[in-house]
Amino acid sequence: MIQMSPLGDSPTTSMSSNSVHEKRPTHASCNLEVGVNGEEVFRLHMRPLLSRCGLLVMLVKEANAMRPKEIEPAKSVLTVELENFPGGPEAFELAAKFCYNEADVAITVSNVATLRCVAEFLQMTEEYGKGNLLKKTESFLKHEVFWNWNDSLAVLKTCETFLVVAEKADIIQRCANALASRASLSPDTLSSPSFSSESHDLGASSGSNSSRSSSKSPMSGNWWFHDFSSLSVYLMERVVRALIKNGIDHKNLAKFLLHYLRSSIPALKFGAYGVFGSTFLSPGCSGRSSEEEISQKHTLRIQQDVIETVVDLLSSLQPRSASCRSLFSLLRIAVVLSASKACRKEIERMIGVQLDKATLDNILVPALPRRSSSLYDVDLIVRLAEHFLQDQAEALASAGLTQDIDKRSEHEMTSAQDASSPVRTALLRVGELIDKYLAEVAADSHLKPTKFRTLAEVLPDTARNSSDGLYRAVEIFLEAHPNLSITEATGLCKVINLQKLGVEACKRVAQNTKFPASFVLQVVLVHQNQLRSVMDGCIPKELQEMKSCKPSKEMYTFSKDGRLNRQAMVVHLECSNFEFMVRQNQELKTNLKKIHSRVAELESTYKRLRLEMGRLFRAKRRPKTTNVQQ
């Protein structure tokens with residue numbers, strides 16, 4: 001029986017071991033006061049509690065040792081304090097009832113976790129009484145809870161208010177393992193999420209939760225998303241790690257983590273290109289009362305914990321488990337929520353690993369907050385490219401090849417038998433993507449030449465089969481920045497590999513007045529040398545001795561205003577192309593004549609051999625005819 005009466009500033013509960021039909025004892029008959037978390041004080045009989053609780057035995061001994069000798073133990077009341085008691089005064093009341101009469105306490109799904117933690121806290125083991133609370137709650141968990149989906153989920157949720165003690169009692173881990181073992185089963189083997197073993201069908205024991213979850217049909221791999229999304233971030237993390245150990249498909253786990261993030265941060269809306277329309281208020285916003293500001297800071301901290309935990313779990317999955325588009329959305333959320341630097345860096349690493357799967361829309365990330373230097377976050381793309389190169393170098397190292405991609409020759413990178421051919425393909429995709437990005441951001445008048453050049457040079461030369469895309473980006477940048485000095489413009493042009501420029505690009509360089517004159521001359525000379533090398537390898541020796549087309553002096557002259565004679569350069573390029581075509585035609589004609597001559601010789605030889613064979617055949621046949629006549 002329970003009797004509430006005031007004792008000082010805290011409420012006092014008096015309990016008796018007598019049955020409910022007997023007279024209630026007075027406070028004088030209770031010789032032990034137990035304060036619980038500073039919230040409530042219980043006046044109890046010492047003997048029933050000391051017969052069950054090892055912790056109270058120790059505390060009473062310490063209190064007796066500290067009591068003055070002149071006070072008689074029989075006439076005094078001992079006082080003990082229990083701090084950080086799991087479940088608070090309500091949980092202690094259940095434990096006290098159990099000590100008085102264990103039949104008064106019914107162990108259920110809703111209180112088993114609390115009672116198990118209380119038993120752990122009070123040391124209610126078999127050493128202090130047979131059939132003690134610790135053993136009874138353990139038996140209930142093993143034989144009733146862990147076999148049932150809904151009961152395991154319900155018990156796991158009740159651990160939220162006493163996580164530390166629940167972890168010590170190993171309730172959280174065992175519930176997570178039980179849930180993960182059922183979630184990892186094939187949906188075809190389950191009739192409902194409340195699946196149990198052959199001899200443990202306890203679906204009805206979980207009440208309304210059972211009917212709600214059992215109504216869902218697990219016909220897909222994400223049937224458990226809804227149940228796990230209702231967990232706190234700490235419990236969700238434990239369950240996901242248990243799912244990883246049980247072999248759940250990592251792509252499915254990545255989908256769940258993103259689903260959990262969306263359901264946990266409803267203030268952020270997801271669009272096709274990331275996050276937009278955020279109703280979240282960043283720290284330090286004005287016009288708010290102190291209470292609202294404290295509440296917002298608390299909400300912000302919770303949201304930061306959610307995204308940081310989700311990112312940590314995603315990083316433990318296999319690479320490329322989450323799509324590149326989803327990771328970019330995740331990065332935008334991390335920036336808006338001011339997540340930790342380590343969190344954002346980890347997202348960038350995961351994106352960089354699969355940068356070859358990204359699209360131009362994905363990487364066009366605006367600078368947040370907007371900076372006067374540029375509209376887009378160019379530094380982010382540089383970091384992503386560096387992460388990509390690091391991952392590719394590790395892939396090469398695992399294949400026993402040269403780790404430094406820059407040091408690999410063109411022949412090595414293009415060899416069909418080379419084990420790095422997937423690396424080569426991915427590298428070319430990223431090179432094409434970066435060139436498109438450069439062409440897109442080059443029109444930004446606030447973009448500095450140093451940033452543009454840093455991004456253009458972040459990839460090795462083997463990442464591009466052609467420099468035409470890079471040339472186009474430089475051309476746009478020079479047009480959008482007419483006030484660049486000659487030194488800055490020349491520095492930008494150095495990122496272009498002249499050996500990989502096409503004929504049309506060379507013509508455009510010669511016609512564009514934005515390019516420095518020294519660069520234009522280099523383009524023309526390189527193009528001329530390429531034509532010579534091609535002709536030297538294709539045409540016969542007699543044609544190689546022919547006089548080659550040399551650049552005229554007019555090509556290197558300057559007009560009165562100091563500008564290079566670009567029209568003469570274009571004419572020279574076209575002349576070089578025309579001469580090359582003429583020489584190719586001459587080579588073809590010569591080869592055709594040789595072939596015709598050879599065919600004629602073969603036909604003449606064939607006719608001569610045929611006549612000789614006929615003559616020999618007739619000569620052998622005549623003597624045989626004469627012998628027959630004789």
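Guide: Buried means under 20% relative accessible area, exposed over 50%, and partly exposed in between, with a 1.4 Å probe and protein chains only. The model is predicted, so local features need pLDDT of at least 70 and side-chain atom pairs count only at pLDDT 80 or more, while totals for chains, interfaces and linings use all residues. Residues are numbered from 1 along each chain as its sequence is written, and side-chain values use heavy atoms, with hydrogens and water left out.

Visitor: Is Phe-256 buried or exposed?
Guide: Phe-256 counts as buried because its relative accessibility is 0%, and Trp-224 is likewise buried, at 1%.

Visitor: How are the planes of Trp-224 and Phe-256 arranged?
Guide: Rings of Phe, Tyr and Trp (its six-membered ring) pair if their centres lie within 6.5 Å, with planes under 30 degrees apart counting as stacked, over 60 as edge-to-face and the rest as tilted. The count comes to 14 aromatic pairs. Trp-224 and Phe-256 form a tilted pair, 5.3 Å centre to centre with 55 degrees between the planes.

Visitor: Which cluster holds them?
Guide: One aromatic cluster is formed by Trp-149, Trp-223, Trp-224, Phe-225, Phe-228, Phe-256 and Tyr-260.

Visitor: Switching to helices, how do α11 and α12 cross?
Guide: Helices are DSSP runs (H or I, at least four residues), numbered from the N terminus. The axes, lines fitted to C-alpha atoms over the stretch in contact, have angles running from 0 to 180 degrees between N-to-C directions. Those of α11 (residues 233-245) and α12 come within 11 Å and cross at roughly 170 degrees.

Note on methods. Helices (H or I, at least four residues) and strands (E, at least two) are DSSP runs, numbered from the N terminus.
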